[in-house]
Amino acid sequence: MKKVGLAILLTVLGAVLFSVIAFVIPFYRGINFWIGYGFGLFAILFLGMIAYMSSSSEMPLQSRFYGWQLIGVAGIYTLTQMVVSLLLFSIPVLPIWLGVAICSILLILALGGSITTQFTNNTIEKLDSEVKGKVFYIRSLEADIGGIAAKCSDPSLKKELEKLREIIRYSDPMSSPRLASIEESIQERCNYLGELVTRQDYNSALAAVQQIGRLLIERNEKCKLLK
C-alpha cells in the first residue's frame, strides 16, 4: 500500500515540477510549446500509471518483479520525451509536423514496448506456473518418504528409505498427464508404506520400498521416452 501511495505522490510531484519548469521559464508558448507540454505531461502520467499497476499489493510478488521491466520501458520513454519537450520549448521555430511526428513515434514505441514486455512477462509467468505444477509431484513424494523415514525406528528399513529418497530426489522432476497412472500407483504405495511403518510391519514395509523403487525406475524410463 505504501508503494502505491509513493507511486501516486511521485507522479503528482513529477507533473507539478514539469509544469513549473514549463510555465516559470519564459518560453515562447506557441504550438510547439503545447505539443511538448501535452506529450510530456502524458509521459509522466503514463510512467505513474505503470508504476501504480506494478506496485499494487493485490498482485503476486512475481508479477510485481516482472513489473519492473515495464517501469523500465515507461521510464526510458518519459526521460526521452522530457528531452524532446524541452527542445520544443526552447526551439519554437521547429516545424510543427516534426514535433508531432517525433512525439507520436516515441509514444507508439513506448506503447508497443509496454505491450510486448507485458506479453512476454505473462508468458514467462504461465511457464513458471506450469513448471511448478509439474515438479510438485516429485518434491511432494520426496517429502512424504522423508517423513516416513523420520518415523521409522528400524535401522535397516530406515537406511532403505533414505536410499529411496535419494532415488526420488534425482528422478526426473517433470511430470506429465501421460504418467498419471504410474504416478498414482507410486503415491498409493507410498501411502501404504506409511501405514506399514506406523504399524511397525517392517518386513512388508521393506517389500513396499522395493516395489516403489521399481515403479520409480519405470516412471523415469517413460519420462525419457516423452522427451
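Arg169 counts as partly exposed, at 34% relative accessibility, where partly exposed denotes the range between buried, under 20% relative accessible area, and exposed, over 50% (1.4 Å probe, protein chains only). The model to which this residue belongs is a predicted one, in which local features need pLDDT of at least 70 and side-chain atom pairs count only at pLDDT 80 or more, while totals for chains, interfaces and linings use all residues. Residues are numbered from 1 along each chain as its sequence is written, and side-chain values use heavy atoms, with hydrogens and water left out.

Arg169 forms a salt bridge with Glu166, and the closest N and O atoms of the pair are 2.9 Å apart; a salt bridge is here a side-chain nitrogen of Lys or Arg within 4 Å of a carboxyl oxygen of Asp or Glu. Both Arg169 and Glu166 lie in helix α5, 3 residues apart, or about one turn of the helix, and Glu166 is likewise partly exposed, with a relative accessible area of 33%. The term helix stands for a DSSP run of H or I with at least four residues, and strand for a run of E with at least two, both numbered from the N terminus.

Being 3 residues apart in the helix, Glu160 and Lys163 are separated by about one helical turn; Glu160 is partly exposed at 26% relative accessibility, and Lys163 is partly exposed with a relative accessible area of 43%. An α-helix has 3.6 residues a turn, so residues three or four places apart point the same way.

Arg139, Glu142, Glu166 and Arg169 are linked in a network of salt bridges, and within it the side chains of Glu142 and Arg139 meet at 4.0 Å, N to O. Glu142 and Arg139 both lie in helix α4, 3 residues apart, about one turn of the helix. With a relative accessible area of 11%, Glu142 is buried, whereas Arg139 is partly exposed at 42% relative accessibility. The count of salt bridges comes to 6.

How does the geometry of α5 itself look? Helix α5 comprises the 15 residues 155–169, which at 1.5 Å a residue should span 21 Å, and its end C-alpha atoms are 21 Å apart, which agrees; the expected span is 1.5 Å times one less than the number of residues. Leu157, Leu161, Leu164 and Ile168 are buried in α5. Seen down the helix axis, the buried residues of α5 fall within an arc of 60°, so they line one face of the helix, the arc being that of the directions from the helix axis to the C-beta atoms. The face of α5 turned away from its buried side carries the exposed residues Pro155 and Lys159.

Taken as a whole, the chain has 7 helices and 0 strands, and its pattern along the sequence is α-α-α-α-α-α-α. Of the 227 residues in the chain, 37% are buried. Among contacts with a separation of 6 or more, 74% are between residues 24 or more positions apart, contact meaning heavy atoms within 4.5 Å. The accessible surface, computed by the Shrake-Rupley method with a 1.4 Å probe and, for residues, with only the protein chains shown counted as cover, comes to about 13,500 Å², of which 68% belongs to carbon and sulfur atoms.

Part of the surface is a nonpolar patch of about 730 Å², made by Ile8, Val12, Val16, Val20, Val24, Met49, Tyr52 and Met53. The elements that give two or more residues to this patch are α1 (2–24) and α2 (31–54), and α1 gives the most, with 5 residues. Patches are made of residues with over 30% relative accessible area and no salt bridge, like charges being joined within 9 Å and nonpolar side chains (Val, Leu, Ile, Met, Phe, Trp, Tyr) within 5 Å. Met53, which lies in helix α2, is partly exposed at 46% relative accessibility.

Two loop residues complete the description. Pro92 is found in the loop between α3 (61–90) and α4 (96–151) and is partly exposed, at 35% relative accessibility. Although Pro92 and Gly30 are 62 residues apart in sequence, their C-alpha atoms are 6.8 Å apart in space; leaving aside neighbours within four places in sequence, Pro92 is in contact with Tyr28 and Asn32. Gln200, in the loop between α6 (180–198) and α7 (202–226), is exposed with a relative accessible area of 52%, and its phi is near 60°, a positive value in a residue other than glycine.
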